[in-house]
Amino acid sequence: MHIPPYYKKPSWQRFFAGAFIGACIAYFIFVYMHGFMYEQLMSENKDLQDKVSELKNQNEALLEDKQDLDKKTKEPLTVTSIEITIENKDELKLDKLIIHDLQNLMKEEIDHIIGQKVSVIDESAQLLISSLENKEYTVDELTYVFTIKKLTISKTLKITAEAKIGDSA
């Protein structure tokens, strides 16, 4: 069997040359598109890996915080500071210096409760109120007596008191 010599005719030569050049161009387009798509997938993969590692780190930090909080909540609360507010300071026309001195005198009276457990202070709240109300505080030759209006026991002991000028005898 004999194959006809079409490759010698110029029309067939142009066809084969065009098919070969077209195949080469198609191959290069395919390689370019595949490379571009692969590059996008790789960059997306890297971004997602970074996000996953960041979220893992964040998750570990949050778990550690949760464990620390669990440990702290199991520890008993203690009183760390005392805040005293005098309600009727305007009615008695007390200046800031006298208010400061009265608050310091009251804090000195009960400063032993700093560092004690809140539950212990709560059980002896009436004793605390009585010790503040039964004492007379003297500032600038005037004696003041306090009535406790509000007592809040937490990490910060908050006392709201009403002052009266007592007998300075």
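Q: Why is Glu 141 called exposed?

A: Its relative accessible area is 74%, and exposed means over 50%, with buried under 20% and partly exposed in between (1.4 Å probe, protein chains only). So Glu 141 counts as exposed. A quick word on the ground rules: this is a predicted model, where local features need pLDDT of at least 70, side-chain atom pairs count only at pLDDT 80 or more, and totals for chains, interfaces and linings use all residues. Residues are numbered from 1 along each chain as its sequence is written, and side-chain values use heavy atoms, with hydrogens and water left out.

Q: Where does Glu 141 lie?

A: Glu 141 sits in the loop between E2 and E3. Those labels are DSSP runs numbered from the N terminus: helices (H or I) have at least four residues and strands (E) at least two.

Q: What makes the backbone at Glu 141 worth a look?

A: Glu 141 has a positive phi of about 65 degrees, although it is not a glycine. Most residues other than glycine have a negative phi. Asp 140 also has a positive phi, about 55 degrees, and is not a glycine either. Asp 140 is placed in the loop between E2 and E3, and at 60% relative accessibility it counts as exposed.

Q: How do you know that Thr 143 is buried or exposed?

A: The relative accessible area of Thr 143 is 7%, which is under the 20% limit, so Thr 143 is buried. Thr 143 belongs to strand E3.

Q: What makes Glu 109 and Lys 135 a salt bridge?

A: The term asks for a side-chain nitrogen of Lys or Arg within 4 Å of a carboxyl oxygen of Asp or Glu. In this pair the closest N and O atoms are 3.3 Å apart, so the pair qualifies. Glu 109 lies in helix H2 (residues 96-110) and Lys 135 in the loop between helix H4 (125-133) and strand E2 (136-139), so the bridge ties together parts that are 26 residues apart in sequence. Glu 109 is partly exposed at 27% relative accessibility, and Lys 135 is partly exposed at 34%.

Q: How many salt bridges does the structure hold?

A: There are two. Glu 162 and Lys 149 also meet in a salt bridge, at 3.9 Å from N to O. Glu 162 is in strand E4 (residues 156-165) and Lys 149 in strand E3 (residues 142-152), so this pair links parts 13 residues apart in sequence.

Q: What makes Tyr 32 exposed?

A: With a relative accessible area of 58%, Tyr 32 is over the 50% mark, so it is exposed. Tyr 32 is found in helix H1 (residues 10-74).
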